[in-house]
Amino acid sequence: MAKLVLIRHGQSEWNLSNQFTGWHDVDLSEKGVEEAKTAGKKIKEAGLLFDQAYTSVLTRAIKTLHYVLEESDQLWIPETKTWRLNERHYGALQGLNKKETAEKYGDEQVHIWRRSYDTLPPLLDPSDPESAAQDRRYADLDPRIIPGGENLKVCLERVIPFWEDEVAPKLLDGKNIVIAAHGNSLRAMTKYIEDISDADIMNVEMATGEPVVYTFNDKLEVTDKTKLGK
């Protein structure tokens, strides 16, 4: 009965200041650090032991994973970072204050950008200094797959190969896995795991720093889902 634990990173500095973050690399807030540590303590109390850890290439998720593993006495386990677990890319919205953006473009338009399953945000040009194409952590990626902006549908399309190539085989082998990532990349994975509809996934929320524990049978069917509350 393999287990998978999903953890959205603790509150970030831009969560706190209400800015669109996406692939922009920001740190955890003080509250976010405490959320991550608390998640690790909850995991230890639950007796969850992991064989493999995964996270994105963004600081807030990496630090969350490390705090979780430290608090649960599992810093030594193998760890892999992948861009496929990055937050949804918010394009030209990244860095903008959400309230001010709503005042400029209207609440309805911003709601569509944030919550529509298949509507893209305004895209960043690859030549823009803020583009991921200018970031050395993505230097080995084919430039054609570096996004200028994403919706949840596109985010799901890059998460699925990670699931099929990395996660599913290990779960089928009976390995327990922990993933510390982001609200939208984890919502995409949740959609795939639970076969949630395009409409219903838009109402699913991932709380910061709250471990979600899935138990699977040998056919990779979910037999239990539990949230370790804060």
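**Burial, fold and core**

Tutor: We may begin with burial: 51% of the 230 residues of the protein chain count as buried. Please keep in mind that this is a predicted model.

Student: Which pattern does the protein chain follow along the sequence?

Tutor: The protein chain has 7 helices and 6 strands. Their order along the sequence is β-α-α-β-α-β-α-α-α-β-α-β-β.

Student: What does the radius of gyration say about the protein chain?

Tutor: A compact globule of 230 residues would have a radius of gyration near 17 Å, and the protein chain agrees, because its own value is 17 Å. Its C-alpha atoms fill a box of roughly 50 × 35 × 35 Å along the principal axes.

Student: Which residues touch the most other members of the largest nonpolar core?

Tutor: In soluble globular proteins, nonpolar side chains tend to be buried together. Here the largest nonpolar core has 29 residues, and those touching the most other members are Leu4, Trp163, Val167, Leu171, Ile179 and Met189. At least two residues of this core come from each of β1 (3-8), α6 (152-172), β4 (177-181), α7 (183-194) and β5 (212-216). The largest share, 9 residues, is supplied by α6.

Student: Which residues does Met189 touch, not counting residues up to four places away in sequence?

Tutor: On that count, Met189 touches Leu6, Leu85, Val159, Phe162, Trp163 and Ile179. Another core, of 15 residues, lies apart from the largest one and includes Ile7, Ile77, Ala180 and Leu228.

Conventions:
Residues are numbered from 1 along each chain as its sequence is written. This is a predicted model: local features need pLDDT of at least 70, side-chain atom pairs count only at pLDDT 80 or more; totals for chains, interfaces and linings use all residues. Side-chain values use heavy atoms; hydrogens and water are left out. A nonpolar core is a set of buried Ala, Val, Leu, Ile, Met, Phe, Trp, Tyr and Cys residues joined through side-chain atoms within 4.5 Å. Buried means under 20% relative accessible area, exposed over 50%, partly exposed in between (1.4 Å probe, protein chains only). Helices (H or I, at least four residues) and strands (E, at least two) are DSSP runs, numbered from the N terminus. Contact means heavy atoms within 4.5 Å. The radius of gyration is taken over C-alpha atoms; the globule rule is 2.2 Å times the number of residues to the power 0.38.
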